[in-house]
Amino acid sequence: MKKNRIIFWIATIIILLWEGVMPLVSLLFAPDQATVGTRPLGYPDYFAYALIICKVLGALAISIPSAPAKVREWAYAGLTFNLIFAFISHAAVDQIIGFMLLPLVILGILAISYVYSRKLVPSGKTDYQTTDPYQLAVSGNR
């Protein structure tokens, strides 16, 4: 169990740094650089700002242990879509192999974080069974 927790936290901290801290730092301390990654791909500037906000919120959601299970699931899904579409955008527009592979590497680390987050849930129970009020109401377990 301790090994699973260590693997989860290492992967999650990498995601927090890459998808949360780095975009936020560029927005706060080098705002002229905030659109460097999206402008060459043809996206408007406002898309970069929205993407930064979503990345930071998603990274925080998977990093905070007390975040609701559904919020964490949606955060993992959103970050996954972001990385898949980053790969597709680079493959379609600039076709630079390094730019194409980096989102896939980060996606692999995100997958490790997700898999090990699921291993930390007690066996036989899911987060939803213990925290979702709708499921508690339907199943009659209050």
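Which side chain does Lys55 meet in a salt bridge? I looked this up before anything else.

**Entry: ground rules.** I am working with a predicted model, where local features need pLDDT of at least 70, side-chain atom pairs count only at pLDDT 80 or more, and totals for chains, interfaces and linings use all residues. Residues are numbered from 1 along each chain as its sequence is written, and side-chain values use heavy atoms, with hydrogens and water left out.

**Entry: Lys55.** The partner is Glu19, with N to O at 3.8 Å. I count a salt bridge when a side-chain nitrogen of Lys or Arg is within 4 Å of a carboxyl oxygen of Asp or Glu. This pair links distant parts of the chain, 36 residues apart: Lys55 sits in helix H2 (residues 45-63) and Glu19 in helix H1 (residues 2-29). For helices I take DSSP runs (H or I, at least four residues; strands are E, at least two), numbered from the N terminus. Both Lys55 and Glu19 are buried; that word means under 20% relative accessible area, with exposed over 50% and partly exposed in between (1.4 Å probe, protein chains only).

**Entry: the other salt bridges.** My search of the whole structure gave three salt bridges. Asp45 and Arg39 meet at 2.7 Å, N to O. Asp45 is partly exposed at 31% relative accessible area, and Arg39 is partly exposed at 49%. Glu73 pairs with Arg118, their closest N and O atoms being 3.4 Å apart. Glu73 belongs to helix H3 and Arg118 to helix H4 (residues 97-119), so this pair ties together parts 45 residues apart in sequence. Glu73 counts as partly exposed at 22%, as does Arg118 at 26%.

**Entry: helix H3.** I checked the length of H3 (residues 69-92), which has 24 residues. The expected span is 1.5 Å times one less than the number of residues. Which residues of H3 are buried? I noted Ala69, Arg72, Ala75, Tyr76, Leu79, Asn82, Leu83, Ser89 and His90. A reminder to myself: an α-helix has 3.6 residues a turn, so residues three or four places apart point the same way.

**Entry: whole chain.** I found six helices and zero strands, in the pattern α-α-α-α-α-α along the sequence. Of the 142 residues, 31% are buried. Among contacts (heavy atoms within 4.5 Å) between residues at least 6 apart in sequence, 65% join residues at least 24 apart.
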